[in-house]
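Subject: The structure we talked about

Hello,

Here is the structure I promised to pass on.

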Amino acid sequence: MEQAPPDPERQLQPAPLEPLGSPDAGLGAAVGKEAEGAGEESSGVDTMTHNNFWLKKIEISVSEAEKRTGRNAMNMQETYTAYLIETRSVEHTDGQSVLTDSLWRRYSEFELLRSYLLVYYPHIVVPPLPEKRAEFVWHKLSADNMDPDFVERRRIGLENFLLRIASHPILCRDKIFYLFLTQEGNWKETVNETGFQLKADSRLKALNATFRVKNPDKRFTDLKHYSDELQSVISHLLRVRARVADRLYGVYKVHGNYGRVFSEWSAIEKEMGDGLQSAGHHMDVYASSIDDILEDEEHYADQLKEYLFYAEALRKHELMQYDLEMAAQDLASKKQQCEELVTGTVRTFSLKGMTTKLFGQETPEQREARIKVLEEQINEGEQQLKSKNLEGREFVKNAWADIERFKEQKNRDLKEALISYAVMQISMCKKGIQVWTNAKECFSKM
């Protein structure tokens, strides 16, 4: 039995962007396809590297942070932090090790790299950068972005950002990323030559897309709600942790008073003096241990913060659907204008219709010329809508595949971080018990 040919008009209607194939099975195909096609979208600049750099095992590290003074674009003196990036291939093609390559980058250059990746890989959950200024901190830790402790934590976060990109099956092959690690001079100019700023969507357009899209994909809507809830939960968890850390810091430091009291007491007791002095020493050690404990705790907090910022990278589908609906709306408007010119019937109020009533009808030649222009615009609009439909379906397939990859990574990372945090708390409590056990033995010997 023969099937009826597809209706061209139906094909041009904007519909929810559907994936081609199962999301679970899409990642392998998406990786290969994206690696082949990404360079074609780069306005003349090949963004995919074919260098065998990524075919070898690579070690990437941000090994140092250095405070520097220089002049900004406004020729004003500023103080900033530069980070030393070191890359080393574990094994060369001939089996021998090679020297380490190193260069310095500012935080703003990391931001530029991520902005570029967001534009050229809209379907990928691009790893976030560590916070520029400290948030969710306990009172002893400074919120100053030049504080050595904060700079050290940001150094670790920047290293993790690069490792996330290097481990991604698509992002790791990007030429701009490769040059970020290997080309110190003129790297910014190379990024700007890609023209990514022209493709960047404005905040106003993103806001319009959020509130004006009429037919969003339910899965992406659910994903957006999930990302909002994830962000809320992690923010609340970090605030609770900061309050607990504040109180814990106070409790530990108060134990130093035990040490001072026992030490003073030992000076007036001959028979009990040694026991009291030893117990006071254990209390002092216990009180001072909280500094290292909370520094370690900040490491686990930073792992949670990474997913706090990751949540913002899951909200991209509305812009694609918004562009599709705007193209369909524009096409429908032009078709209606053309129909009105052909039939001479005006269905809706328009400035052109009012002008015609005031100043008379157009000549047949003028009307034919306008019809011809509209027909050409309609043909272009139909092709554009078809292209956007195909682009949208491809976007959904690739985006959902990367979201599945991200979910696996998220579950694995958060599980590991929370287990490690619990183990650290158990270890901390055991050390507290041991301190009081030692103090008990000191008292028993008096």
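Which residue stands opposite Arg-105 of strand 3? The residue opposite Arg-105 is Tyr-83.

Before the rest, some housekeeping. This is a predicted model, in which local features need pLDDT of at least 70 and side-chain atom pairs count only at pLDDT 80 or more, while totals for chains, interfaces and linings use all residues. Residues are numbered from 1 along each chain as its sequence is written, and side-chain values use heavy atoms, with hydrogens and water left out. Helices (H or I, at least four residues) and strands (E, at least two) are DSSP runs, numbered from the N terminus.

Three strands make up an open sheet in the order 1-2-3, with antiparallel pairing; two strands pair if DSSP finds at least two bridges between them. Strand 1 and strand 3 (101-106) are the edges, each with a single partner strand, so one side of each has no neighbour in the sheet. On average, neighbouring strands are turned by 25 degrees against each other, direction ignored. Strand 1 and strand 2 are joined by 13 bridges; among the bridge partners are Glu-66 with Ala-82 of strand 2 and Arg-71 with Gln-77 of strand 2. Strand 2 and strand 3 are linked by six bridges and also run antiparallel.

Helix 5 and its surroundings

Helix 5 packs on the sheet, where it touches strand 1, strand 2 and strand 3, and its direction makes about 100 degrees with that of strand 3. Axes here are lines fitted to C-alpha atoms, for helices over the stretch in contact, and angles run from 0 to 180 degrees between N-to-C directions. Six of the eight residues of helix 5 are buried, so the helix is largely enclosed by the rest of the structure. Buried means under 20% relative accessible area, exposed over 50%, and partly exposed in between (1.4 Å probe, protein chains only). The buried residues are Ile-176, Phe-177, Tyr-178, Leu-179, Phe-180 and Leu-181, and they pack against strand 1, strand 2, strand 3, helix 3, helix 4 and helix 6. At the N-terminal end, Asp-174 caps helix 5, with a side-chain oxygen 2.8 Å from the backbone nitrogen of Ile-176.

In the loop between helix 5 and helix 6 you will find Asn-186. Asn-186 has a positive phi of about 65 degrees although it is not a glycine, and at 54% relative accessibility it counts as exposed. Most residues other than glycine have a negative phi.

A helix pair

Helix 9 (residues 218-266) and helix 11 (residues 290-310) pack at about 175 degrees, with their axes 10 Å apart. That makes helix 9 roughly antiparallel to helix 11, a term used for angles over 145 degrees.

Definitions and conventions. Contact means heavy atoms within 4.5 Å. A polar contact is a pair of N or O atoms within 3.5 Å; within protein, one must be able to donate a hydrogen and the other to accept it, and residues adjacent in sequence count only if both atoms are side-chain atoms. Angles under 35 degrees count as roughly parallel, over 145 as roughly antiparallel, 65 to 115 as roughly perpendicular and the rest as oblique.
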